[in-house]
Amino acid sequence: MAFFSIAVILIITVAIALYVYYKYKRFRVNGEHLKQWYQTKAMIALGVFILAPGVLFLFSFRGWVDLVVGAVFAILGGIFVYYGVRSNKIIRPYAKEEVEALRSQQN
């Protein structure tokens, strides 16, 4: 169980770092579709950040409160990840076109 807890803490740390990175990139980039693309990636990272403690609470069952809190966190995190991946699939082709257009303008 100790290895599982350490792994979840590492996942939480990486997820919050990616969330901050993608939010920063969103404000620095030009182009509406690129901003939306970075927003969807930030949403996925936020979902993982919320999902990881929920899973930890679910598997380290100490009482009903842990079970309920873990279930709520896991469901919310799963929703964020699901809709983030779904939005990412929709936005990605437009973002690629926008990157190509921006590169052609620079040359």
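Of the contacts in the protein chain with a separation of 6 or more, 67% are between residues 24 or more positions apart, where contact means heavy atoms within 4.5 Å. The model is a predicted one, in which local features need pLDDT of at least 70 and side-chain atom pairs count only at pLDDT 80 or more, while totals for chains, interfaces and linings use all residues. Residues are numbered from 1 along each chain as its sequence is written, and side-chain values use heavy atoms, with hydrogens and water left out.

The protein chain holds 3 helices and 0 strands, and along the sequence the pattern reads α-α-α; helices (H or I, at least four residues) and strands (E, at least two) are DSSP runs, numbered from the N terminus. The radius of gyration of the protein chain is 17 Å, well over the 13 Å that the globule rule gives for 107 residues, so the chain is more spread out than a compact globule. That radius is taken over C-alpha atoms, and the globule rule is 2.2 Å times the number of residues to the power 0.38. Along the principal axes, the C-alpha atoms of the protein chain fill a box of roughly 60 × 20 × 20 Å.

Buried residues make up 24% of the 107 residues in the protein chain, where buried means under 20% relative accessible area, exposed over 50%, and partly exposed in between (1.4 Å probe, protein chains only).

Helix α1 has 27 residues and reaches 39 Å from its first C-alpha to its last, close to the 39 Å expected at 1.5 Å a residue, the expected span of a helix being 1.5 Å times one less than its number of residues. The buried residues of α1 are V8, I12, A15 and Y22, and what covers them includes α2. L18 also lies in helix α1, but L18 is partly exposed, with a relative accessible area of 36%. Although L18 and A45 are 27 residues apart along the chain, their C-alpha atoms are separated by 6.1 Å.

Helix α2 covers residues 32–59, and its 28 residues should span 40 Å at 1.5 Å a residue, which agrees with the 41 Å between its end C-alpha atoms. Buried residues in α2 include L34, Y38, A42, A45 and I50, and the buried residues of this helix pack against α1 (2–28) and α3 (64–106).

The largest nonpolar core is made up of Y22, V29, L34, Y38, A42 and A95, 6 residues in all. Its largest share, 3 residues, comes from α2. Such a core is a set of buried Ala, Val, Leu, Ile, Met, Phe, Trp, Tyr and Cys residues joined through side-chain atoms within 4.5 Å. Leaving aside neighbours within four places in sequence, A42 is in contact with Y19, Y22 and K23.

D66 lies in helix α3 and, at 15% relative accessibility, counts as buried. The side chain of D66 makes a polar contact (a pair of N or O atoms within 3.5 Å; within protein, one must be able to donate a hydrogen and the other to accept it, and residues adjacent in sequence count only if both atoms are side-chain atoms) with the side chain of R62, at 2.9 Å. Not counting residues up to four places away in sequence, D66 touches F57 and S60. K89, also found in helix α3, is exposed, with a relative accessible area of 57%, and its C-alpha atom is separated by 21 Å from that of L51, 38 residues apart along the chain.
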